[in-house]
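Visitor: Hi, I have this one open on my screen. Could you walk me through it?
Guide: Happy to, let's look together.

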Amino acid sequence: MLEKIDLTKKMEKDEYQRRISVLERKLAQLQRVCRNLNIPIMIAFEGFGASGKGIQIAELIRPLDPRGFEVYAVKNESEEEKKYPFLWRFWTKMPEKGRIAIYDSSWYRKVLIDRFEKKAGEKEVLSAYDSIQSFERQLTDDGMVLIKIFLCISQEEQKKRFDKLLARKETAWRVSKKDLKRNREFKKYKRMNEEMLQKTDTDYAPWTIVEATDRRFATIKIYTTVINCLSAEIEKRKQEKQEEIMPDKVLVNNEISETVLAKANLDCSYTKAEYKKRLKKLQKEIEKLHGELYRKGIPVVLGFEGWDAAGKGGAIKRLTEKMDPRGYVVHPTASPNDMERSHHYLWRFWRAMPKAGHIAIFDRTWYGRILVERIEGFCSKKEWQRAYKEINDMERDLVNAGTVVLKFWLHIDKEEQERRFRAREKNPDKQWKITEEDWRNREKWDQYEEAVNEMLIRTSTEKAPWIVVEGNCKYYARIKVLETVVNAIEERLKNKGE
């Protein structure tokens, strides 16, 4: 791709001034329209050192309302950021609907500078490419306008610009030894960029290569690219028919629906004495293992789903009773608030993921997209159907970053649920736990059961498995959860470093 770029392209000053004033007015107008239509925008600038990313970003934002955008200068990962999957810092910098985020260097740093400096090995680079492609697909599927701009200059032009910066005390600090090394080994670094462009130039997130030798030519091309992308998205939104979101009837083959939940033996139980004996031993193990996780920097994600009144809260309470409270967080997941609804549905969960050595426990999870949102019609059929892959990709990224991921479905039968509902109604201390919505959800038991079976089949993987917990006996359910967590952590600690 880069070999065919004509880096001699130039634009005269008169033509530039004539065109830029028109483009600036158009871009400012499009920003307002995108804000009104709740269109989120991400613009990523990549390119060779000294190609002018900072200058071009400054040119691009000049006509924009500063209240509607934010610019991020992406440098080396901080010590805090290193404790998370590498895309975490970009998920947390994602713009809400109607706003613009501009990145001076981006998530491609992992496969470019980190790779060149041998901070990322070839296996890690290949994994990063998979993660990047999934990341961009998820964003654009959700309505993000993703514009990727690569500024290209020659080795000679880069050297000339570096020399000019180094000649002045005020600008010499902008050129590092690593910049100079990449210039000396320009061909090698260029090949890495060429590979990156080829691997990640997709129909949903294409690259625009900008000939950046002449600043004026580059500015006009960038403006034109951004304006064309925003105009196309606005036209697309206007032409799309507003489909009324209706609850989709869940149709799952009976053969599938009988393969998971129907196999759970709900007669499993422990006596109170057996329960107390096992609980005491397991909690001691959890307490010890929690310390080991922290010392070895291993993050853990535990997700709890299940029927209403299935015992999620009780299991979480017994799991955390002996843990150091400084090392874990329990996230109760409710309906998304206005800020959360203005982002991709996974955004709020990425923000809550644990750093190295910590545990995040989710009481209800990202699986709401393919359960309650699917059944109740809070998202479109297209949205929940693509969520299976989006969720698998997110969990894959967590596991690849060294996270232990376990997902529990607490299963009870319909009769046991009704018994627990009645008991809550009669107990003044527990009446707050039962609502009209619980009874209403119960009426859709069959639809939820079919959706759960499909979820368990399509999102249970070897490294991020679903564990169906037989929950008619609360004692048995709590012990199974603790045993599963202990075994998984012990296995991870044993394999640490392999």
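**A chat about the model**

Guide: Let's start with H290, which lies in helix α12 (residues 272-296). Helices here are DSSP runs of H or I with at least four residues, strands are E runs of at least two, and both are numbered from the N terminus. This is a predicted model, where local features need pLDDT of at least 70 and side-chain atom pairs count only at pLDDT 80 or more, while totals for chains, interfaces and linings use all residues. Residues are numbered from 1 along each chain as its sequence is written, and side-chain values use heavy atoms, with hydrogens and water left out.

Visitor: Good to know. Is H290 buried or exposed?
Guide: H290 is buried, at 6% relative accessible area. Buried means under 20%, exposed over 50%, and partly exposed in between, with a 1.4 Å probe and protein chains only.

Visitor: Which residues does H290 touch?
Guide: Leaving aside residues up to four places away in sequence, H290 touches M323, D324, G327, Y328 and I359. A contact is heavy atoms within 4.5 Å.

Visitor: And the sheet, what is the strand order?
Guide: The five strands of this open sheet run β7-β8-β6-β9-β10, with parallel pairing. At the edges are β7 (328-332) and β10 (466-470), each pairing on one side only. Two strands pair if DSSP finds at least two bridges between them.

Visitor: How many bridges link β6 and β8?
Guide: Five, in the parallel sense, between β6 (residues 300-306) and β8 (residues 359-363). F304 stands opposite D363 in β8.

Visitor: What lies across β6, β9 and β10?
Guide: That is helix α21 (residues 474-494), running at about 150° to β10. Axes are lines fitted to C-alpha atoms, for helices over the stretch in contact, and angles run from 0 to 180 degrees between N-to-C directions.

Visitor: Switching to α1: how far apart are its end C-alpha atoms?
Guide: They are 35 Å apart, which agrees with the 34 Å that the 24 residues of α1 (residues 13-36) should span at 1.5 Å a residue. The expected span is 1.5 Å times one less than the number of residues.

Visitor: Which residues of α1 are buried?
Guide: Among them are Y16, I20, L23, L27 and C34. The buried residues of α1 pack against β1 (41-47), α2 (53-61), β2 (69-73), β3 (100-104) and α10 (215-239). After α1 comes N38, with a positive phi near 60°.

Visitor: Now charges. How many salt bridges does the count come to?
Guide: The count comes to 54. The rule asks for a side-chain nitrogen of Lys or Arg within 4 Å of a carboxyl oxygen of Asp or Glu.

Visitor: What about E395 and K407?
Guide: Their side chains meet in a salt bridge, 2.8 Å from N to O. E395 lies in helix α17 (residues 381-400) and K407 in strand β9, so this pair ties together parts 12 residues apart in sequence. E395 counts as buried at 1% relative accessibility, and K407 is buried, with a relative accessible area of 1%.

Visitor: Which residues do shared partners join into one network?
Guide: Salt bridges with shared partners join E117, K119, K178, D179 and R182.
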